[in-house]
Amino acid sequence: MSKETFHTLTTKAVPLSIENIDTDQIIPARFLKATTREGFGENLFRDWSYNPDGTRKSDFVLNNPSYYTGEYGAQILVAGRNFGMGSSREHAAWAIHDFGFRVVVSSFFADIFRNNALNTFVLPVQVSETFLGTIFKQLAVNPDTLVTVDLPSQTISLATGESEQFAINTYKKTCLLNGYDDIDYLLSLKNEITQFDLAHTI
């Protein structure tokens with residue numbers, strides 16, 4: 001996967017107001033045969049998105065073309081509380097990224113999923129139950145509502161004016177802003193590490 005950075009994103013958002021979504025619902029186990037990150041997006045929420053005969057379910061929100069048209073096609077998934085529970089499979093984050101989402105918003109994330117998402121350059125934005133409810137209500141009124149996620153200021157805001165701050169690990173924030181994986185981050189500190197070694201060499 002090529003290097004990515006994340007600073008500010010303004011797009012439509014897809015509301016999936018289901019709680020306790022686990023990783024097997026995100027990407028069913030039968031699709032975990034590949035070892036690279038590409039190609040999982042087509043099976044994101046497979047059992048909710050497709051009928052047994054392989055046709056798409058027209059009433060599932062990810063199959064609604066209105067969210068993906070226009071200049072601000074949706075790159076934000078808004079989900080119910082306790083997103084990403086269950087197994088530790090990285091493929092869940094890979095599928096979300098491969099589908100085209102760059103942000104997942106929820107009022108609570110499973111810790112392992114949160115880390116897998118950050119390592120895949122998908123930003124998990126944890127908001128209060130109240131603000132999550134506000135987002136769902138606004139999207140129900142107007143599906144074209146734009147949502148802005150500003151990583152430098154750690155804020156998420158609606159075009160209607162409501163906003164809230166979110167927390168993120170400082171190290172992971174630095175990685176997202178600069179497109180670093182763990183090795184890149186260490187290489188970015190090469191000069192500091194060298195100076196430290198020189199200062200402490202006997």
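Me: In this predicted model, how far from a polar atom of the side chain of Asn63 does the backbone oxygen of Lys57 lie?
Reply: Asn63 is found in the loop between helix H2 (46-49) and strand E3 (76-79). Lys57 is among the residues that Asn63 touches, not counting residues up to four places away in sequence. From a polar atom of the Asn63 side chain, the backbone oxygen of Lys57 lies at 2.8 Å.

Me: Which residue's side chain is joined to that of Asn63 by a polar contact of 2.9 Å?
Reply: Not counting residues up to four places away in sequence, Asn63 touches Ser49, Arg56 and Lys57. The polar contact of 2.9 Å is between side chains, and the partner of Asn63 in it is Arg56.

Me: Is Asn63 buried or exposed?
Reply: A residue counts as buried when its relative accessible area is under 20%. The relative accessible area of Asn63 is 15%, so Asn63 is buried.

Me: Are the rings of Phe45 and Trp48 stacked or edge-to-face?
Reply: A pair of aromatic rings is described by the distance of the centres and the angle of the planes. The count of aromatic pairs in the model comes to nine. For Phe45 and Trp48, the centres are 5.5 Å apart and the planes stand at 0 degrees, so the pair is stacked.

Me: How many residues apart in sequence are the parts that the pair of Phe83 and Phe113 ties together?
Reply: The ring centres of Phe83 and Phe113 are 5.1 Å apart and their planes are at 75 degrees, so this pair is edge-to-face. Phe83 lies in the loop between E3 and helix H3 (91-99), whereas Phe113 lies in helix H4 (residues 111-119), so the parts tied together are apart in sequence by 30 residues.

Me: Which element supplies the largest share of the largest nonpolar core?
Reply: This core has 28 residues, and those with the most contacts inside it are Ile26, Phe45, Phe83, Ile96 and Phe113. At least two residues of the core come from each of strand E2 (13-16), E3, H3 and H4. The largest share is five residues, and the element that supplies it is H3.

Me: How many residues are in the second, separate core?
Reply: Phe6, Val78, Val105 and Leu123 are included in this second core. Its number of residues is 25.

Terms used. Residues numbered from 1 in each chain as written. Predicted model: local features only at pLDDT ≥ 70, side-chain atom pairs only at ≥ 80, totals over all residues. Heavy atoms only, no water. Helix = DSSP H or I, 4+ residues; strand = E, 2+ residues; numbered from the N terminus. Buried < 20%, exposed > 50% of the residue type's maximum accessible area, 1.4 Å probe, protein only. Polar contact = N/O pair within 3.5 Å; in protein donor to acceptor, adjacent residues only side chain to side chain. Contact = heavy atoms within 4.5 Å. Phe/Tyr/Trp six-rings, centres within 6.5 Å; stacked < 30°, edge-to-face > 60°. Core = buried A, V, L, I, M, F, W, Y, C linked by side-chain atoms within 4.5 Å.
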